[in-house]
Amino acid sequence: MLIAFASCTHSDVRPRNLLPEAKMVEVMVDVHIFEAMAEGKKWSEDSLAVLLDANYGEIFKKHGIQQEQFERTFAYYESNPGKMDEMMTKVIEELSKIEAGNP
């Protein structure tokens, strides 16, 4: 039980080794676009796992980041719900612009 509480705590201090918020928004926009496209497909579990790995790798490569950087940054936002909400609001705004044809 103690471990669960420790993992749910958050800090207002942003660690230095995280992706900048603007970069994280860009990456999350691409992740959401990819996941929306993959969602409608009927893939086997194995095929989906290979597809996810390959495409996430391409997204990370496109943005010049490492998977570990993304995971650390995502974990930071996950442990700071208010900051996650703020970041996801920006992601949704960007996705809305793309959908409206105004990227």
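Biologist: Is lysine 62 buried or exposed, and what is its relative accessible area?

Modeller: This is a predicted model, and lysine 62 sits in helix α3, residues 45-63. A residue counts as exposed when its relative accessible area is over 50%. Lysine 62 passes that cut-off, so lysine 62 is exposed, with a relative accessible area of 61%.

Biologist: Which side chain does the side chain of lysine 62 make a polar contact with?

Modeller: A polar contact needs a pair of N or O atoms within 3.5 Å. For the side chain of lysine 62, the distance is 2.8 Å, and the partner is the side chain of aspartate 30.

Biologist: How far apart in space are lysine 62 and valine 27, C-alpha to C-alpha?

Modeller: In sequence, 35 residues separate lysine 62 and valine 27. In space, their C-alpha atoms are apart by 9.0 Å.

Biologist: What does helix α5 reach from its first C-alpha to its last?

Modeller: Helix α5 covers residues 81-99, which is 19 residues. At 1.5 Å a residue, 27 Å is expected. The model comes close to that, with 26 Å.

Biologist: Within what arc do the buried residues of α5 fall, seen down its axis?

Modeller: The buried residues of α5 are Met84, Met87, Met88 and Val91. They line one face of the helix, because seen down the axis of α5 they fall within an arc of 100°.

Biologist: Which residues are exposed on the other side of α5?

Modeller: The buried residues of α5 have a cover that includes α2 (21-39) and α4 (67-78). On the other side of α5, the exposed residues are Asp85 and Ile92.

Notes
Residues are numbered from 1 along each chain as its sequence is written. This is a predicted model: local features need pLDDT of at least 70, side-chain atom pairs count only at pLDDT 80 or more; totals for chains, interfaces and linings use all residues. Side-chain values use heavy atoms; hydrogens and water are left out. Helices (H or I, at least four residues) and strands (E, at least two) are DSSP runs, numbered from the N terminus. The expected span of a helix is 1.5 Å times one less than its number of residues. Buried means under 20% relative accessible area, exposed over 50%, partly exposed in between (1.4 Å probe, protein chains only). The arc is that of the directions from the helix axis to the C-beta atoms. Contact means heavy atoms within 4.5 Å. A polar contact is a pair of N or O atoms within 3.5 Å; within protein, one must be able to donate a hydrogen and the other to accept it, and residues adjacent in sequence count only if both atoms are side-chain atoms.
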